[in-house]
Amino acid sequence: MKIIAVGRNYIDHAKELNNPVPEKPVIFLKPDTAVLKDNKDFYYPEFSKDIHYEVEVVLRICNEGKHVSKKFAHKYYDSIGLGIDFTARDLQSDLKSKGLPWELAKAFDHSAIVSNMIFKEEFDDLQNLNFSLQKNNETVQIGNTKDMIFDFDSLITFVSQYITLRKGDLIFTGTPAGVGPVKIGDKLEGFLEEKSMFTCQIK
């Protein structure tokens, strides 16, 4: 499986990082070795001094798809979860300043928390999902999927023009405003529609 991640998909987040609001989805990849599941601890990597959390709604792909039209896009994912796209912000800033790809800042081992998945039929409205992140029991990020620049179906349509989607792939759909740093000793907890989806201790 692969992780397809979307950057700058919430206007306020793009602005907080002084990035332009995109006209097309901004896509990057994480490998399967990035996955951190089952509420396991996250160990701070030695190559960064500025790891940031970014909470995101996650889609699980259920069918192989290439050149998926928007009207059929909903048939290609069956479950919704929550995750964190950990980012080595110092490394990312350095790479971006040199015009280099920033996969090293995004794709490192265990940089993608993934919760258990919930079948999408259990939600009333996928375009109106509330989600949030707490750090040390204090809410630091609040989002709603209605504020996405590119909705779920648009993302699947766009990505599938370039990359074949396969069963088990995950799409991280972007983070709202409020991203920030973690330090050793912090505890993170993610919520989707007020349901606790994951916890993670930073070590």
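Predicted model: local features only at pLDDT ≥ 70, side-chain atom pairs only at ≥ 80, totals over all residues.
1. D169 counts as buried because its relative accessibility is 2%, and buried means under 20%.

2. How many salt bridges does the structure hold? The count is twelve. In general terms, side chains of opposite charge can pair when their charged atoms come close.

3. A further salt bridge joins the side chains of K70 and D151, at 3.9 Å from N to O. K70 belongs to the loop between β5 (55-61) and β6 (77-85), and D151 to the loop between β11 (138-144) and α4, so this pair ties together parts 81 residues apart in sequence. K70 has a relative accessibility of 43% and therefore counts as partly exposed.

4. D85 and K106 meet through their side chains in a salt bridge of 2.6 Å, N to O. Because D85 lies in strand β6 and K106 in helix α3 (residues 103-106), the contact ties together parts that are 21 residues apart in sequence. Both D85 and K106 are buried. The pair also belongs to a network: salt bridges that share partners join K30, E54, D85, R89 and K106.

5. The aromatic side chains deserve a separate point. Six aromatic pairs are found in a search of the whole structure. One of them is Y10 with F131, an edge-to-face pair with 6.3 Å from centre to centre and 65 degrees between the planes. Y10 is in the loop between β1 and α1 (11-16), whereas F131 is in strand β10 (residues 130-135), so parts 121 residues apart in sequence are tied together by this pair. Are Y10 and F131 buried or exposed? Both are buried.

6. F47 and F108 form an aromatic pair that is likewise edge-to-face, at 5.4 Å centre to centre with 75 degrees between the planes. This pair links distant parts of the chain, 61 residues apart: F47 is in the loop between β3 (35-36) and β4, and F108 is in the loop between α3 and β8 (112-114). F47 counts as partly exposed because its relative accessibility is 38%. F108, with a relative accessible area of 9%, is buried.

7. K120 lies over the face of Y77, and the distance to the ring centre is 4.2 Å.

8. The last point concerns strands. In which order do the three strands of the open sheet lie? The order is β7-β4-β13, with antiparallel pairing. β7 (87-88) and β13 (180-181) are the edge strands, each pairing on one side only. Strand β4 (residues 51-53) runs antiparallel to β13 and is joined to that strand by two bridges. Within this pairing, H52 stands opposite P181 in β13.

Note on methods: Residues numbered from 1 in each chain as written. Heavy atoms only, no water. Pairing = 2+ DSSP bridges. Helix = DSSP H or I, 4+ residues; strand = E, 2+ residues; numbered from the N terminus. Salt bridge = Lys/Arg side-chain N within 4 Å of Asp/Glu carboxyl O. Buried < 20%, exposed > 50% of the residue type's maximum accessible area, 1.4 Å probe, protein only. Phe/Tyr/Trp six-rings, centres within 6.5 Å; stacked < 30°, edge-to-face > 60°. Lys NZ or Arg CZ within 6 Å of the ring centre and 35° of its normal.
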